[in-house]
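User: I have a structure open and have not looked at it before. Can you walk me through some of it?
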Amino acid sequence: MEKTWAISGVDLHLDLSRAATGPGTGTGTGTGTGTAAVGAGERGVRAALTDALREAVRSGRLAPGTRLPSSRTLAVDLGLARNTVAEAYGELVAEGWLTARQGSGTRVASRTAPPRPAPAHRRATPPRTPPPPVHDLRCGPCDVSSFPRAAWLSAARRAITAVPHEAFGYGDGRGRPELREALAGYLARARGVRTTPERVVLCAGFSQGLALLGRVLRQRGVKTMGVESYGLWVHRGIAERAGLRTDPLTVDGHGARVAELDDEARRNVRSVLLTPAHQFPTGVPLHPDRRAAVADWAARTGGLIVEDDYDGEFRYDRQPVGALQGLAPEHVVYCGTASKSLAPGLRLAWLVLPEHLVADVLDLRRSGEWGMGVLDQLTLAEFINSGGYDRHVRAMRLHYRRRRDELVSALARQAPHIRVTGIAAGLHAVLELPPGTEQATIQAAAWRGLAIEGLSRFRHDAAGPSVPSPVPDGRDGLLVAYGTPAKHAFAGALETLIDVLPPAPAPTP
C-alpha cells in the first residue's frame, strides 16, 4: 500500500501559518509541501486547511479538474491527522468547491463564472476590434498537419538504437557529424551546394544562424549589411541587434538590384542578405545576370553573401534554380532550414560556411548560448539517409502545387481582374491589388475572420512593419500563404478571400 501512495501522491503547496491556536495536542510542521501551525488545535488547523484550500480554488491557483493528493498523502506532508484532512475535504465537497468520486480521487470542481453584465452605456456599442480569425492565410509555417509523424518516429527509433553513447555528450560545436554528412550529400545533389561536412554548422533555426553570422561579421569590423527592400522585418531586426545597420537594395521583377552594391554611397557595405531562389515576399527568382554580378561583387570586394534558401525545394516549373552558393563557395554562406519542408517546431537549420568563417563561428558557439538538442539531429540524419526526406519533399511539392493550382483557378473564375504572381515556387502567392486598396481589403478580411498580410508590411521602412506606409513603386498587394491552412480549412479560407477582394473596375465608357 505504501508503494501505491508514493506513486499516486501529488505535491500541493499550502500555507497554514494562520491557523487558529487552541487547546489540544500540537501538530507538526509539514516538510517540503506544506506548513501547519505548531500548537494549533485540530479544529483550528482543520479550519485553516479548509480556508487555504478554498482560497487556492477561488484564486485560480488550483484550476478546475486538478487532482488533489489523497487525504493520507496530504496528512503525511502536513504532519496532520488523516481525519483532519478528510473532514476538510468533506466540507469543501459539500460546499461545491471539490468533487470526490471513487476511483478518480478528489478534484477541484468545475465552476462556471456568471457573465459580467456590461455597463449600461456600453451595451449597445458595437465591437471596436475584429473577431479572432477563423482562417489564416498569413505567411509563416508550412502545412504542419502534414508532418510525417509515422516516418519520423520510425527514423527516430532507428537512429537512437544505432547511435553510440558519446552522441549524448557535449559533442562538436558544429553539430552531430551524422547530420552534417547527410546534409552535405543531400545539398550537393538537390540544391547544387559545394561543401564538405566540416563546413556545415547546425543551428536551432535560421534566426539563430543569422544571429551567429551577424555577431561574427560585427567582430570582423563589418558595420552594414545590404538587404532586399522587401523582406522579413524579423531578419532585419536580428542583423540590427547584432550591431549591423541594414541598407535596402531595390527589388523589381528580376529580384534585388545588386548593381546598387557598387554605388559610391554603399562602398562600406561588405555583406548582403538575399533570397535568390524565391525572393521573399515578391516570389521572383534573382535573374541569372544578377546572380553572376553579385558573385563577382563579393569576389572583387571581399564581401560576403548570406543566401537564405528558405523554400528552395518547392519549385513547380521546369526551370530549377540552384543555390547561389555554387557560383562562389568562398564568398557565400548558404542557409537552409527544415521549417518549410518539415515543420518550424523542429528548430533545425544549417549554415554552409566558407572555410575562412568556420573557426570564428565555432569560437562564438563555444560561448554556451547557442546550443541545440541532439535527438532531432540524429533523426533527421536517418530520415535523409533512408530516403524518407526525399519522399516527403516530393509528396509535399505535389500537395502544395495542387493548392497553388486551386488558388489560381478560383481567382481566374471569380476574380479574373486580380493578377497573381510569384507562383513558380514556394508556399505563397502575391495578389496584385488596385492602388490604394490594400489596407481596406485587409481590414475587410479581418472582419470576416480571415487573417492575411499586405505587401507593404514587408517593405524596408524605418517606421517599422506595424505602421503601414505607401509602397514606393506604387504596388498594393496581398500575400496568400496557400501552404499554411490544414486540408479541411483551405476551401473556406479561399472562399472568404475571394469575397473580400476589390471588385473589378467599371468599364470605361
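Analyst: R347 is partly exposed, because its relative accessible area is 39%, and the model it belongs to is a predicted one.

User: Where is R347?

Analyst: R347 sits in the loop between strand 13 (332-337) and strand 14 (349-352).

User: What about the phi of R347?

Analyst: The phi of R347 is near 55°, which is a positive value in a residue other than glycine. Most residues other than glycine have a negative phi.

User: Which peptide bond is cis?

Analyst: The bond from F280 to P281 is cis, with omega near 15°. P281 lies in the loop between strand 11 and helix 9 (288-301). For comparison, most peptide bonds are trans.

User: Now the hairpin. How do strand 3 and strand 4 run?

Analyst: Strand 3 (residues 98-101) and strand 4 (residues 105-108) run antiparallel, and four bridges join them. R101 is opposite G105 in strand 4.

User: And what lies between the strands there?

Analyst: Three residues lie between the strands of this hairpin, and G103 takes a positive phi near 95°.

User: What about T246, buried or exposed?

Analyst: T246 is buried, since its relative accessible area of 7% falls under the 20% cut-off. T246 belongs to strand 8 (residues 245-249).

User: How far apart are T246 and V227?

Analyst: Along the sequence, T246 and V227 are 19 residues apart; in space, their C-alpha atoms are 6.3 Å apart.

User: Why is I160 called partly exposed?

Analyst: I160 has a relative accessible area of 44%, and partly exposed covers what is in between buried, under 20%, and exposed, over 50%.

Terms used
Residues are numbered from 1 along each chain as its sequence is written. This is a predicted model: local features need pLDDT of at least 70, side-chain atom pairs count only at pLDDT 80 or more; totals for chains, interfaces and linings use all residues. Side-chain values use heavy atoms; hydrogens and water are left out. Two strands pair if DSSP finds at least two bridges between them. Helices (H or I, at least four residues) and strands (E, at least two) are DSSP runs, numbered from the N terminus. Buried means under 20% relative accessible area, exposed over 50%, partly exposed in between (1.4 Å probe, protein chains only).
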